[in-house]
Amino acid sequence: MKAAVIGAGTESLHTIYIAQELGQEVIALDGNPRAPGLTAAAHGFAVDISDETKTIETLIREKVDFLLTPPIGRVLTTVGAANDALHLPGISKEATVLCTDKYLFHIRLNAQGLRNCHCYLAGKESGELTYPAIMKPRFGSGSRGIFFLQDNRELEQALQEIGNQEDYVLEEAVPGVEYGVDGAVDKDQFQLILLRKKLLTPPPARQAVGYLSVIPEEEPALIKQVQDYLSQVTKTLGLQDCLLHADLMINEKEIFIIELSARPSGHNLHNLFTPLATGVDMAEEYIKCRIGRSYNYQSKNTKKMMIRYFDITGKVTSVPNVETVEKQLAQAGNQTKLIHWQCNILPGDRLEPVTTGHSLMGRGFFILEAPSEEELQRTAEEILELFALIL
């Protein structure tokens, strides 16, 4: 069979390699002629993937059997349009629009009682609003351009700052603990793969600097609540035959969905952290499903793990290597294991405060396994203290 990957950036490589290992011919499309996935695939096409017509023409000419979706943003709608045009299994254009437009996403779910807050087009609609509130771009992701507002005065200042550059949505900030979700929709049934507790910077950015795996056996009630809630959400959005990730806010009263996108999570989550924590490679299982092989999205033994990004600030004077980190763990006498280490920071680098995913992810990350969340948190801070910094 022949599979096509729409979006051939670095984060597409895992999906391409897995498909090839499973014996599939893969073509890749991307508007950047230097995108690494174009070289990794059997055939690469430099096509503007925001242009649905040109993308669909290429896919028809290549006679593809199914599409693979790596972590991409607003052009997810092209995937839906192509599935519709070629009558391929997977998410529809209508569903991708709901996943990429935060305002329509809210309208659809609010009507079914699945997203209970006030949400408006900033500067274009007004009504009842409780502070604190969040103003964010209507389209896109990456914690960019977010305003955390305490009152009407701050709202007016934010509206003046953004001007007419793009559409924003304004909604109430729901309290609680933030989580990420990796999952799949098998036909039209939602399957939870991993629930991840987020470690966040303070407002206004609230950028994730780490994730902790939630063990189903330790919190069965929470896992069931998330499974049941997202089953309703995915049906309401009309999702089918796709991978997904979502951001949730959970408090004592409710589960509130912040965003959902019908594609895998980026930032070395779907391709590394989630398979390590659950034993489930969601890209691999999805491809197996498409080619008629046995597949299973259910984790049998989720491990207590953390992925932590280097959210340090200052001028770097020295950087620990993996041997130094492992020595630190051995001397500490705890039960934490270093599972993965990837550090791209060099002495002399000036690290600014973390405000967006873009400002953080290129630095690298590490993955730990330990018996408890407390030990993971403590060990991660000890590792970060191994960097010598001048503030």
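**Close-ups of strands and salt bridges**

Lys-224 is exposed, with a relative accessible area of 53% (exposed means over 50%, buried under 20%, and partly exposed in between, using a 1.4 Å probe and protein chains only). This is a predicted model, where local features need pLDDT of at least 70, side-chain atom pairs count only at pLDDT 80 or more, and totals for chains, interfaces and linings use all residues. Residues are numbered from 1 along each chain as its sequence is written, and side-chain values use heavy atoms, with hydrogens and water left out.

View A. Helices (H or I, at least four residues) and strands (E, at least two) are DSSP runs, numbered from the N terminus. Asp-228 counts as partly exposed, at 35% relative accessibility.

**View B. Asp-182 and Arg-196 in a salt bridge.** The closest N and O atoms of this pair are 2.9 Å apart. Asp-182 sits in strand 9 (residues 177–186) and Arg-196 in strand 10, so the pair ties together parts that are 14 residues apart in sequence. Asp-182 is buried, at 0% relative accessible area, and Arg-196 is buried too, at 2%.

**View C. Lys-2 and Glu-62 in a salt bridge.** The closest N and O atoms are 3.4 Å apart. This pair links distant parts of the chain: Lys-2 is in strand 1 (residues 2–6) and Glu-62 in helix 3 (residues 52–62), 60 residues apart. Lys-2 is buried at 14%, and Glu-62 is buried at 16%.

**View D. Strand 11 and its partners, strands 10 and 14.** Six of the six residues of strand 11 (residues 208–213) are buried, so this strand is largely enclosed by the rest of the structure. Strand 10 (residues 189–200) runs antiparallel to strand 11, joined by five bridges; strands pair if DSSP finds at least two bridges between them. Look for Lys-197, whose bridge partner in strand 11 is Leu-212. Strand 14 (residues 305–309) also runs antiparallel to strand 11, with three bridges, and there Gly-210 has Arg-308 as its bridge partner.

Note on methods: Salt bridge = Lys/Arg side-chain N within 4 Å of Asp/Glu carboxyl O.
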